[in-house]
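I opened this model to look up its fold, its core and its side-chain pairings. My entries are below, in the order I took them.

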Amino acid sequence: MRCALTVPFPTSLEAEIACGSLAPDAEPHQGLLGKELKVSGCVLEVHWISEDSRLLRISIMNFLDQLSLVVNTIQRFGPPLSR
């Protein structure tokens, strides 16, 4: 099974910050589940692949929870300064 998610951000810097915040979390079942994150312009792209639908669902739900936290943090503290 495969799943893809695209998350638009107002700026490419915010997409990069989100990707950097979410990428370090390695999947606990690396042999059974793969997850790839990348940024294309202002869009964060996430791709999952798994043979186990339960693991896929859990991974997606955990990612969405973490994504919500990252987005809320960016919104609360305002847009990032340019690098």
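The entries start with ground rules and then go from the whole chain to single side chains.

**Ground rules**

I am working on a predicted model, where local features need pLDDT of at least 70, side-chain atom pairs count only at pLDDT 80 or more, and totals for chains, interfaces and linings use all residues. I number residues from 1 along each chain as its sequence is written, and side-chain values use heavy atoms, with hydrogens and water left out.

**Confidence**

I checked pLDDT, the predictor's confidence in each residue, from 0 to 100. The chain averages 91, and 92% of the residues score at least 70. I then looked at the secondary structure elements. Confidence is highest in strand β1 (residues 2–8), at 98, and lowest in α1, at a mean of 94.

**Fold**

I took helices (H or I, at least four residues) and strands (E, at least two) as DSSP runs, numbered from the N terminus. I find two helices and three strands. Along the sequence I read β-α-β-β-α. The C-alpha atoms fill a box of roughly 40 × 20 × 15 Å along the principal axes.

For contacts I used heavy atoms within 4.5 Å. I took the contacts between residues at least 6 apart in sequence; of these, 62% join residues at least 24 apart.

**Burial**

My classes are buried (under 20% relative accessible area), exposed (over 50%) and partly exposed in between, with a 1.4 Å probe and protein chains only. Of the 83 residues in the chain, 29% are buried.

Which residues of helix α1 (residues 12–22) are buried? I list L13, E14, A15, A18, C19 and L22. These residues pack against β2 (33–40), β3 (43–50) and α2 (53–77).

I also looked at the loop between α1 and β2, where P28 sits. P28 is exposed, at 69% relative accessible area.

**Aromatic pair**

I searched for rings of Phe, Tyr and Trp (its six-membered ring) with centres within 6.5 Å; planes under 30 degrees apart count as stacked, over 60 as edge-to-face and the rest as tilted. I found one pair. The rings belong to W48 and F63, with centres 5.4 Å apart and planes at 80°, so I log the pair as edge-to-face. It links distant parts of the chain: W48 is in strand β3 and F63 in helix α2, 15 residues apart. W48 is buried at 2% relative accessible area. F63 is buried too, at 1%.

S59 lies in helix α2 and is buried, at 4% relative accessible area. What does the side chain of S59 make a polar contact with? I find the side chain of W48, at 2.9 Å.

S50 lies in strand β3 and is buried, at 3%. A polar atom of the S50 side chain is 3.0 Å from the backbone nitrogen of D52. Leaving aside neighbours within four places in sequence, I note S50 in contact with M1, L32, L33, L55 and L56.

**Salt bridge**

I counted a side-chain nitrogen of Lys or Arg within 4 Å of a carboxyl oxygen of Asp or Glu. The whole structure gives one salt bridge. K38 and E45 form it, at 3.8 Å from N to O. How accessible is each partner? K38 is partly exposed, at 38% relative accessibility. E45 is buried, at 18%.

**Cysteines**

A disulfide is a covalent bond between the sulfur atoms of two cysteines. My cut-off is a pair of cysteine sulfur atoms within 2.5 Å. I find zero disulfides. C19 is in none, and its nearest cysteine sulfur, that of C42, is 14 Å away. C19 is buried, at 12% relative accessibility. C42 is partly exposed, at 33%.

Conventions. A polar contact is a pair of N or O atoms within 3.5 Å; within protein, one must be able to donate a hydrogen and the other to accept it, and residues adjacent in sequence count only if both atoms are side-chain atoms.
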